[in-house]
Amino acid sequence: MLLFEDVLVRCNVKQADLEIWIERSWVRPVREDRGWIFADEDVARIELICDLAHDLDMDTEALEIILPLIDQV
């Protein structure tokens, strides 16, 4: 389990991006008194989103289509 700040560093992701991904339910961490808590599955999902967005140059519209399809598999 990782805190929000730890995920930012570990995954090299911008705070604004991660907040948007949580808002869109692409990532579903648990909210506790000390903030967002990310399970290993959440971190793997963030890494996948980063790979798709950066390595494959997918924009938000493409991610909105691809992520639910991946979830179905």
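Helices H3 and H4 cross in a right-handed manner, the near helix being turned clockwise from the far one by less than a right angle; helices here are DSSP runs of H or I with at least four residues, and strands are E runs of at least two, numbered from the N terminus. The model is predicted, so local features need pLDDT of at least 70 and side-chain atom pairs pLDDT 80 or more, while totals for chains, interfaces and linings use all residues. Residues are numbered from 1 along each chain, and side-chain values use heavy atoms, without hydrogens and water.

The axes of H3 and H4 come within 12 Å and cross at roughly 135 degrees, with axes fitted to C-alpha atoms over the stretch in contact and angles running from 0 to 180 degrees between N-to-C directions. That makes H3 oblique to H4, a class left over once angles under 35 degrees (roughly parallel), over 145 (roughly antiparallel) and 65 to 115 (roughly perpendicular) are set aside. Where the two helices meet, with contact meaning heavy atoms within 4.5 Å, H3 contributes Arg45, Leu48, Ile49, Leu52 and Ala53, and H4 contributes Leu63, Ile66, Leu67, Ile70 and Asp71.

Turning to burial (under 20% relative accessible area, 1.4 Å probe, protein chains only), the buried residues of H3 include Ile46, Ile49 and Leu52. Their cover includes strands S1 and S3 together with helices H1, H2 and H4. Just after H3, aspartate 57 takes a positive phi of about 55 degrees.

In helix H1 sits leucine 8, buried at a relative accessible area of 17%. Leucine 8 and isoleucine 46 are 38 residues apart in sequence, yet 9.8 Å apart C-alpha to C-alpha.

How values were computed:
Buried < 20%, exposed > 50% of the residue type's maximum accessible area, 1.4 Å probe, protein only.
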